[in-house]
Amino acid sequence: MTTTGPVPALADRATACADRLRAADRVLLASHIDADGLTSAAVATTALSRADIPVETVFKKQLDATEIASIAAREYDTVLFTDFGSGQLDVISEHVAAGDFEAVIADHHQPSDPADCHPDAVMDTDGYADFETHLNPLLEGIDGASELSGAGAAYVLARALADEDTDNRDLASLAVVGAVGDMQAVGGELVGANAGLVEEGIEAGVVEEGTDLSLYGKQTRPLPKLLEYATEVPIPGISNDEAGATRFLEGLGLDLKADGEWRTWADLTDDERQTVASALVRRAVERGVPADKIETLVGTTYTLPAEPSGTELRDASEFSTLLNATARYERADVGLAVCLGERDAPLERARRLLSNHRRNLSEGLTLVKERGVTQAGSVQWFDAGDAVRETIVGIVAGMALGTDGVDSDKPIIAFASKDDEETKVSARATGPLVGRGVDLSAVMREAAQSVGGDGGGHDIAAGATVPAGEEDAFVEAADEIISDQLS
């Protein structure tokens, strides 16, 4: 086995995939539409272009039989799937066996059951459908939900595609953004195979790892807004309290404004940051915030030093949110352009989409609070209908988990209308629930299939599509499966 590359266990698979791609006259690259999918596509597109392999990139909200058929109709001999494909090997294998195209997959989701795939196109690896050019951490015992994202798998492939002119280590920054965007930071820190990618990014000078206040928006939000919206660790009198956050800052005796405008966290000196952080911790202690929550106020941060300070692109978390605001609103081209280094018009368009995205998430969360969630045994659920876009209902569900009226000790299921015939289902859980045995990937797949749909994903976050009108039956099936997992 080859033991080189950022993830040695995947080196042989990466080499096989790279060799197949080099042999292609041209490649069609298909990727998912979230931040991990966009960064996956950008990493792979860049690596292919540097290797002088012509590539066309397309994005799909979901990879179902219809979309795979449309890809087969493009008459490309080689198709590279990034951030999906493994869970759709049952359908992909049929096209491969029919000679429609050769597949290369760089993914981190749970692969299909070999029994559901064409026997001439796949083999069985520890119960997973597998084939020669299949790059997936799960096939080598690496957790695809917390140790390597889709962008990470694409980065491993990119390193295998490197030549004497470029080693592609500069693409590690996008892999880190993808991992952070895929919620893979465990306790705020990237671990496992992801840690190897961070190390390569640091060596290449494109990633900086540090310890800082672990609040979202340190680069772009004015300080009062940074604290007001910091609901990950609710601090009475500051969180969700604009006036309270302002009073807190004004009472620190620091000059936190410039030209009459509030500065951002990125604008502060190290001493000023220490003063604010220490005061924030003291306030949390005084107001009775649990010690384990207070500890999470400070954590590991990932900064992209090549990007301008004070912009969304400087911080991996803010960068990933910016990307989510593009493809989820049918503008994957904008997100890809930003990932590929284009600024000016694409970046301004992405920022406008981000403003709209934040407004939609806020309205979605308000809707959940107003309508409430329905308790159903071991799960809880809400139906957003057409009031929340089906591309963001999963994000809304994750934001709602643990808020007032939503039990953080139960997985949450969200429904949103796709069209008159289908309903999108998204599910989210917490780390402790996964630790107790919850696997939403299995829940979404099995419950959806029981009502004529299909699904998959990760143990902590997964999705499905089901026929409209089958929502109640789906919840009943999901509740039964989760109850069994927890028993």
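**D126 sits in the loop that runs between strand 5 (123-125) and strand 6 (128-130).** The model is predicted, with local features needing pLDDT of at least 70 and side-chain atom pairs counted only at pLDDT 80 or more, while totals for chains, interfaces and linings use all residues. Residues are numbered from 1 along each chain as its sequence is written, and side-chain values use heavy atoms, with hydrogens and water left out. Helices (H or I, at least four residues) and strands (E, at least two) are DSSP runs numbered from the N terminus. The phi of D126 is near 55°, a positive value in a residue other than glycine. Most residues other than glycine have a negative phi. With a relative accessibility of 72%, D126 counts as exposed, where exposed means over 50% relative accessible area, buried under 20% and partly exposed in between (1.4 Å probe, protein chains only).

**D52 is a residue other than glycine with a positive phi, near 60°.** The loop that holds D52 lies between helix 2 (35-50) and strand 2 (55-59). D52 is exposed, its relative accessible area being 68%.

**Strand 3 is largely enclosed by the rest of the structure, because 5 of its 5 residues are buried.** Both of its faces are covered, with T78, L80 and T82 buried on one side and V79 and F81 buried on the other. Strand 3 runs parallel to strand 1 (residues 27-31), to which 4 bridges join it, and L28 stands opposite V79 of strand 3. Strand 3 is also joined by 5 bridges to strand 4, again in a parallel arrangement, and T78 stands opposite E102 of strand 4. Two strands pair if DSSP finds at least two bridges between them.

**F81 and F101 form a tilted ring pair, with centres 6.1 Å apart and planes at 55°.** A search of the whole structure finds 3 aromatic pairs; rings of Phe, Tyr and Trp (its six-membered ring) pair if their centres lie within 6.5 Å, and planes under 30 degrees apart count as stacked, over 60 as edge-to-face and the rest as tilted. Because F81 lies in strand 3 (residues 78-82) and F101 in the loop between helix 4 (89-97) and strand 4 (102-106), the pair ties together parts that are 20 residues apart in sequence. F81 counts as buried at 0% relative accessibility, and F101 is buried as well, with a relative accessible area of 3%.

**The rings of F415 and F474 meet edge-to-face, with their centres 6.0 Å apart and their planes at 80°.** F415 belongs to strand 14 and F474 to helix 18 (residues 471-486), so this pair ties together parts that are 59 residues apart in sequence. F415 is buried, at 0% relative accessibility, and F474 is buried with a relative accessible area of 0%. Ring pairs link W381, F415 and F474 into a cluster.

Strand 13 (residues 379-383) and strand 14 (residues 412-417) run parallel and are joined by 4 bridges. The two belong to an open sheet of 6 strands in the order 12-13-14-15-17-16, in which the pairing is mixed. Strand 12 (374-376) and strand 16 (454-457) stand at the edges, each with a single partner strand, so one side of each is left without a neighbour in the sheet. Strands of a sheet pair through backbone hydrogen bonds.

**The second largest pocket has a lining of 16 residues, with D170, S173, L174, E307 and C339 nearest its centre.** Helix 6 (172-181) and helix 13 (332-339) are the elements that give two or more residues to this lining. The lining residues of this pocket divide into 10 nonpolar, 3 polar and 3 charged, where Ala, Val, Leu, Ile, Met, Phe, Trp, Tyr, Cys and Pro count as nonpolar, Asp, Glu, Lys and Arg as charged, and the others, Gly among them, as polar. On a 1 Å grid over the protein atoms alone, a pocket is an open set of points with protein on both sides within 12 Å along at least five of seven lines, a cavity is a set where a 1.4 Å probe fits but cannot get out, and lining residues have an atom within 4 Å of a point.

**The lining of the largest cavity consists of L215, L227, A230, V233, I235, I238, S239, L280 and L297.** By class, this lining has 8 nonpolar residues, 1 polar residue and no charged residues.
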